[in-house]
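Welcome, and thank you for opening the viewer. Please load the model, and we will walk through it stop by stop.

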Amino acid sequence: MKALVYDGPKAISYREVPDPNPRQDHFLIMIKAVGICGSDMHAYLGHDERRPAPLILGHEAAGIICEGARDGERVTINPLVSCGKCSACGSGRENICPDRQIISMPPREGAFAQYVTIPARNLVNVPTKYSLDKAALVEPLAVGWHTAKLAANAIDANMEKKALVIGGGAIGLATALALKAMGISELTISEFNPLRRQYLLEHIDAKVVEKTESSFSIVIDAVGFGSTRAVASQLVSPGGVIAHVGLGDNTNGLDVRRITLQEITFIGTYTYTAQDFKDTAEALFAGRLGTLDWIEKRPLSEGESSFQDLRRNNVAAPKIVLKPWQ
């Protein structure tokens, strides 16, 4: 099969690789669409020791089952494979399972390929007439859904429901859409990239700015750099909530004194639970998360140039979706 393989820092190539062999209780999936995630970019830049080269990256995918009793079913893939036996899994928090695996991290190859294998329990069916290109977005949207749910549940019921999302990429946008679906109507997205900011203004029904000096009861840091944590610390209201989902770096930024003295809740969020993934898919297919007309489609063979464009901030759309069969 053809695949896009990470060969080392800033090196990724489109080439022939062996077809995967499904293990017991797994299905072989023909990948029809797969998105490029920020974590793929971290790996490409050599910043993720969990993803050593050579490795097939990619975990935001949808496709068609190609074998067995479910042959031909259209599915979106939950790439997070948990043990199903530990206390975290037993309490419905599969995302913090100590033995969790994810496709695109050893020992599991990713979905920047024509085929991938995945356990049956990680597949969610896609309605017949729903676009598989958009169904590939369930994964990043589920990250936003999980973040929005934790933030919305943590806020005091009597506080003004006013939210700031820092970062207008796919995760920030996904979180904003989820917050709206959960009844948080007063939303601001802060995006520093002028190309992306203009794109968002043209495609998203939300206030989009470069920066703001207002205060917010909910602040989502979907970037995760020291500078954005500093902004979150500054703009969150007393008694408010900061939900941190970005993984830009792991140093500095938080004003711990202010967080302590003004009883601000800080929540670290990671991926999603299996139920969050299913709830996100249901909301997506029902149209509750919008039309999702903010993706740019490219052939998988253009994966190398796509990573280069993203690195140079030359992409306006929040998400590039690669097509392995074009």
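A salt bridge here is a side-chain nitrogen of Lys or Arg within 4 Å of a carboxyl oxygen of Asp or Glu. This is a predicted model, where local features need pLDDT of at least 70 and side-chain atom pairs count only at pLDDT 80 or more, while totals for chains, interfaces and linings use all residues. Residues are numbered from 1 along each chain as its sequence is written, and side-chain values use heavy atoms, with hydrogens and water left out.

**Stop 1: salt bridges**

Please select R298 and E296. Their side chains meet in a salt bridge, 2.8 Å from N to O. R298 is buried at 10% relative accessibility, and E296 is partly exposed at 27%. For these words, buried means under 20% relative accessible area, exposed means over 50%, and partly exposed lies in between (1.4 Å probe, protein chains only).

Next, select R15 and D7, whose side chains form a salt bridge of 3.0 Å, N to O. R15 is partly exposed at 31% relative accessibility, and D7 is partly exposed with 36%.

Now go to K180 and D205, a salt bridge with the closest N and O atoms 3.7 Å apart. This pair links distant parts of the chain: K180 sits in helix α5 (residues 170-181), and D205 in the loop between α6 (194-203) and β13 (207-209), 25 residues apart. Helices (H or I, at least four residues) and strands (E, at least two) are DSSP runs, numbered from the N terminus. K180 is partly exposed at 35%, whereas D205 is exposed at 66%.

Then select D48, R50 and R51 together, which are linked in a network of salt bridges. How many salt bridges does a search of the whole structure find? The search finds 13.

**Stop 2: aromatic rings**

Rings of Phe, Tyr and Trp (its six-membered ring) pair if their centres lie within 6.5 Å; planes under 30 degrees apart count as stacked, over 60 as edge-to-face and the rest as tilted. By this rule there are five aromatic pairs. Show F112 and F307: their ring centres are 6.1 Å apart and their planes stand at 85°, so the pair is edge-to-face. F112 lies in the loop between β8 (101-102) and β9 (115-119), and F307 in helix α10 (residues 303-311), so the pair ties together parts that are 195 residues apart in sequence.

Y115 belongs to strand β9 and W325 to the segment after β18 (319-323), so the pair ties together parts that are 210 residues apart in sequence. Y115 is buried at 17%, while W325 is partly exposed at 38%.

**Stop 3: the backbone**

Most residues other than glycine have a negative phi, and most peptide bonds are trans. Select A53 and P54, which are joined by a cis peptide bond with omega of about -10°. P54 is in the loop between α1 (38-44) and β4 (55-56). Another cis bond runs from P106 to P107, with omega near 10°, and P107 is in the loop between β8 and β9.

S104 lies in the loop between β8 and β9 as well. Its phi is near 95°, a positive value in a residue other than glycine, and S104 is buried at 0%. Finally, click D25, in the loop between β2 (11-16) and β3 (26-35). D25 has a positive phi of about 70° although it is not a glycine, and D25 is exposed at 62%.

**Stop 4: the whole view**

Zoom out to see the whole protein, which has ten helices and 18 strands. Along its principal axes the C-alpha trace spans about 55 × 40 × 40 Å. Buried residues make up 56% of the 326 residues.
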